[in-house]
Amino acid sequence: MRVWWRFTNLLLTCCGAFFLAVDIVSAFNVDVVNYVKYEGHHDAMFGFSVALHQESQRKWVIVGAPQADTSAIQPEVVKGGAVYKCDPASDSHCQIIPFDRNGPQRNDQNDRVDTKSFQWFGATVSSSGPDGPVVACAPRYVFHTMSPRKVERVEPVGTCYLAKSNLLDFTEYSPCRTSKLMRLSCCDFHHVLHFTHSSFL
């Protein structure tokens with residue numbers, strides 16, 4: 001009898017605590033009348049990362065899709081990932097930002113020196129603010145260290161691209177690819193991104 005009574009008291013106490021918690025917890029809904037809806041291919045992971053950006057008084061929603069198929073603009077690359085600029089004033093009006101139109105890089109012997117397939121480009125996107133650069137990263141980008149003509153190491157170092165001048169001028173930034181730290185297997189670049197006044201971290 002005592003065990004049953006203790007169980008009943010415990011059950012009532014838990015239920016009372018639950019209903020009290022429900023009473024004091026409140027929530028809000030996202031605007032269900034005035035909203036914009038963007039959609040990408042179902043297996044592209046469209047919307048994995050999102051940033052707001054303004055360029056020449058024009059506002060954009062920057063959307064990463066790390067498993068997007070980019071084979072139409074990147075030869076020999078399978079699901080390299082993509083970044084889109086979407087118009088905040090209209091549904092499903094998104095355009096790919098062509099950060100990288102190249103396939104895998106090759107050396108003078110025509111050996112691949114990197115792997116861009118499944119690199120998750122667009123897993124990280126960030127804007128530095130109005131009229132500043134936008135950066136997008138590929139955390140699974142792989143660089144092949146050649147010595148001298150054969151692959152010595154395959155390193156998942158990651159890479160980033162910076163877009164400037166109205167999202168038309170692109171620069172790759174991959175410090176781990178040429179770093180001495182890479183040879184020690186302790187250089188990894190791409191996961192968290194933050195802009196400072198003069199650069200990005």
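A salt bridge is defined here as a side-chain nitrogen of Lys or Arg lying within 4 Å of a carboxyl oxygen of Asp or Glu. Side chains of opposite charge can pair when their charged atoms come close. The structure is a predicted model, in which local features need pLDDT of at least 70 and side-chain atom pairs count only at pLDDT 80 or more, whereas totals for chains, interfaces and linings use all residues. Residues are numbered from 1 along each chain as its sequence is written, and side-chain values use heavy atoms, with hydrogens and water left out.

By the salt-bridge rule, the count comes to 6. One of them joins glutamate 76 to arginine 106, with the closest N and O atoms 2.8 Å apart. This pair links distant parts of the chain, 30 residues apart: glutamate 76 is in the loop between S2 and S3, and arginine 106 in the loop between strand S4 (94–96) and strand S5 (114–115). Helices (H or I, at least four residues) and strands (E, at least two) are DSSP runs, numbered from the N terminus. Glutamate 76 has a relative accessible area of 47% and is partly exposed, as is arginine 106 at 35%; buried denotes under 20% relative accessible area, exposed over 50%, and partly exposed the range in between (1.4 Å probe, protein chains only). Through shared partners, salt bridges join Glu76, Arg106 and Arg112 into one network.

A further salt bridge is formed by the side chains of lysine 79 and aspartate 43, at 3.1 Å from N to O. Lysine 79 lies in the loop between strand S2 (58–65) and strand S3 (82–86), and aspartate 43 in the loop between helix H1 (2–24) and strand S1 (49–55), so the pair ties together parts that are 36 residues apart in sequence. Lysine 79 is partly exposed at 22% relative accessibility, and aspartate 43 is partly exposed at 30%.

Lysine 116 and aspartate 100 also form a salt bridge, their closest N and O atoms being 2.7 Å apart. Lysine 116 belongs to the loop between S5 and strand S6 (124–127), and aspartate 100 to the loop between S4 and S5, 16 residues apart. Lysine 116 is buried, at 3% relative accessibility, and aspartate 100 is buried at 10%.

Serine 127 is placed in strand S6 and is buried, with a relative accessible area of 18%. Its side chain makes a polar contact with the side chain of histidine 53 at 2.6 Å. A polar contact is a pair of N or O atoms within 3.5 Å; within protein, one must be able to donate a hydrogen and the other to accept it, and residues adjacent in sequence count only if both atoms are side-chain atoms. The side chain of serine 127 also reaches the backbone nitrogen of glycine 129, at 3.1 Å.
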